[in-house]
Amino acid sequence: FRNWLFRYSKIIMPVVLALCVVGTIIVSISANKRKAAEEESARSAEDSSVELAGDLIAVPEVPLQKDAVPEVNELFSIYYNAMVEGDTDTMSRLVDRLDDTEALRAEETSKYIESYPVLEVYTKAGPKEGTYVAYVYVEVKFKDYEKPVPGMRVYYVCQNENGEENDAELKYIRELNLQDDVVDLNNKTSVAYNDMLAEDDTLVDLIVDMSAEIDKNVGEALARAEGSDLADGGD
């Protein structure tokens, strides 16, 4: 799997579970189809006035496929196991951009995660041959909460040698994110998560407290690292 990686920048759907994120730049997928259609129409009008590098990539209308690519499934199995273990060395080998802050957040988050008992990988063909856009539905089991909590995020899975994504590729992924079956999967996950929050104040408190503790610990670790760098620079 050394030649495969995930690309995060600008194409991450917000994880429905607020806590279980490695800090990344995100673009939301609308849970409201009408709003999504309006936003896409506005984007299309804007894009028409911009000359993109190369030809625009046609976006096929094909259904999501569940667990259809064994290599991609194995890749995510390794990645999510690494998230449970706080194994940022493995994560950094799989993720194109994992900076120090994201690595620290992953390590802190892992302290609260017992397992991912449910991991479902849905894919659509990516903008280049041999690439995929993967929609990963998970249920996370926290150490201090008995029920698994649902979440979902989207990844661009490609070969190392494919290089940086360009504007045409990003537009392709945005349009995939607005297809009905993707929006439906996101909505289903959002509803399940929101229903859990509405029914259980304990879960709300747990997530708020964990998020605050993770933010605090990451901030302190970054401050210590910055202080150490300044001290080293002064010698």
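# A walk around strand S5

Visitor: Which residues point one way from S5, and which the other way?
Guide: In a regular strand, side chains alternate between the sheet's two faces. Here, strands (DSSP runs of E, at least two residues) and helices (H or I, at least four) are numbered from the N terminus. On S5, Val 149, Gly 151, Arg 153, Tyr 155, Val 157 and Gln 159 point one way; the other way point Pro 150, Met 152, Val 154, Tyr 156 and Cys 158.

Visitor: What kind of model is this?
Guide: Residues are numbered from 1 along each chain as its sequence is written, and side-chain values use heavy atoms, with hydrogens and water left out. Local features need pLDDT of at least 70 and side-chain atom pairs count only at pLDDT 80 or more, while totals for chains, interfaces and linings use all residues, since this model is predicted.

Visitor: How many residues of S5 are buried?
Guide: Buried means under 20% relative accessible area, exposed means over 50%, and partly exposed is in between (1.4 Å probe, protein chains only). S5 covers residues 149-159 and is largely enclosed by the rest of the structure, because the buried count is eleven of the eleven.

Visitor: Which strand pairs with S5 in the antiparallel sense?
Guide: Two strands pair if DSSP finds at least two bridges between them. S5 has nine bridges to its partner, and one of them links Val 157 to Tyr 132. The partner, residues 132-142, is S4.

Visitor: What does Val 72 touch?
Guide: Val 72 lies in helix H2 and is buried, with a relative accessible area of 2%. Contact means heavy atoms within 4.5 Å. Leaving aside neighbours within four places in sequence, the contacts of Val 72 are Val 121, Thr 123, Tyr 132 and Val 157.

Visitor: How far apart are the C-alpha atoms of Val 72 and Thr 131?
Guide: Along the chain, Val 72 and Thr 131 are 59 residues apart.

Visitor: Which backbone oxygen does the side chain of Ser 110 reach?
Guide: Ser 110 is found in helix H4, residues 100-110, and is buried with a relative accessible area of 8%. Not counting residues up to four places away in sequence, Ser 110 touches Met 83, Val 84, Glu 85, Gly 86 and Lys 143. At 2.6 Å, the side chain of Ser 110 reaches the backbone oxygen of Glu 107.

Visitor: How far apart are the end C-alpha atoms of helix H6?
Guide: The expected span of a helix is 1.5 Å times one less than its number of residues. H6 has 20 residues (180-199), so it should span 28 Å, and the distance between its end C-alpha atoms agrees: 28 Å.

Visitor: And how many helices and strands does the protein have?
Guide: From the N terminus on, the elements run β-α-β-α-α-α-β-β-β-α-α-α. Of the 235 residues, 46% count as buried. The secondary structure comes to seven helices and five strands.

Notes: Polar contact = N/O pair within 3.5 Å; in protein donor to acceptor, adjacent residues only side chain to side chain.
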